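Have the sequence and the model open side by side.

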Amino acid sequence: MNISQSIHDILNRDEVVADLFYDIFLDRHAEVRRFFVGVDIRQQAVVLTMMLSIIEDFYRHSYPATARYLRLLGQRHKARGIPIELYPIFSQCLLETLKRFHGQKWNDQLNDEWQSGIDKASAVLLEGYQSDRANPSARSAGC
Ligand code: HEM
């Protein structure tokens, strides 16, 4: 199995894969819970599940439009006060979620591709933290 077959399975399931992610992330790392006060975690899981599709797409194509979106997302996380130091544990929990989701189908290729995809997307999100511009996007990125 490769990352593209993996995303096909993820999007095709009735269950929301990232529900498991938030169970793992918030359970293992009590220190991150304060960032989610007032956040509807089940809705957030729906958003993060679709984000996996963007991560896979960016891993394969590196589209500039996707990079712009990821930098904007990074700016929004910076505006929320989310420390850069939390990204490695976020990534680790996301990989663990994918591994558990696939069970027996998990293999080294899938592990490497998802690891690379998550690292690549995270690096561009973090570029958003370097932006010197004022950040009206944090308030007005809605359509
Ligand atoms: C690769 C890393 C990450 C990705 C791809 C990601 C993805 C997303 C996306 C797509 C959203 C919804 C869009 C938005 O509200 O701007 C979001 C919101 C959020 N993220 Fe992240 N995130 C990442 C890292 C983190 C980390 C490390 C934390 C640490 C606590 C975090 C906490 C949050 C919170 C609190 C929200 C707001 C939810 C809401 O207000 O409904 N994220 N994230």
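Which residues of helix 4 are buried? They are L70, G74, Q75 and H77, where buried means that 20 or more other C-beta atoms lie within 10 Å of the residue's own, exposed means 12 or fewer, and partly exposed is in between, with C-beta atoms placed from the backbone. Viewed down the axis of helix 4, these buried residues fall within an arc of 160 degrees, so they line one face of the helix; the arc is that of the directions from the helix axis to the C-beta atoms. On the face turned away from the buried side, helix 4 carries the exposed residues A65 and R68.

This is a predicted model, in which local features need pLDDT of at least 70 and side-chain atom pairs count only at pLDDT 80 or more, while totals for chains, interfaces and linings use all residues. Residues are numbered from 1 along each chain as its sequence is written. Helices (H or I, at least four residues) are DSSP runs, numbered from the N terminus.

Helix 4 has 16 residues and reaches 23 Å from its first C-alpha to its last. That is close to the expected 22 Å, the expected span being 1.5 Å times one less than the number of residues. Just after helix 4, G81 takes a positive phi of about 80 degrees.

Next, the ligand. The ligand is surrounded by 19 residues, and the closest are F35, R76, L86, F90 and S122; a residue is near a molecule if its C-beta atom, placed from the backbone, lies within 6 Å of it. Helix 3 (41-61), helix 4 (64-79), helix 5 (87-102) and helix 6 (108-127) each supply at least two residues of this shell. The largest share, four residues, comes from helix 3. By type, the shell divides into 14 nonpolar, three polar and two charged residues. Here Ala, Val, Leu, Ile, Met, Phe, Trp, Tyr, Cys and Pro count as nonpolar, Asp, Glu, Lys and Arg as charged, and the others, Gly among them, as polar.

Two single residues remain. Q44 lies in helix 3 and counts as partly exposed because it has 15 C-beta neighbours inside 10 Å. Leaving aside neighbours within four places in sequence, Q44 is in contact with Y22 and V39, contact meaning C-beta atoms, placed from the backbone, within 7 Å.

E113 is found in helix 6. With 19 C-beta neighbours inside 10 Å, E113 also counts as partly exposed. Its contacts, again leaving aside neighbours within four places in sequence, are N2, I3 and Y59.

Key. Contact = placed C-beta atoms within 7 Å.
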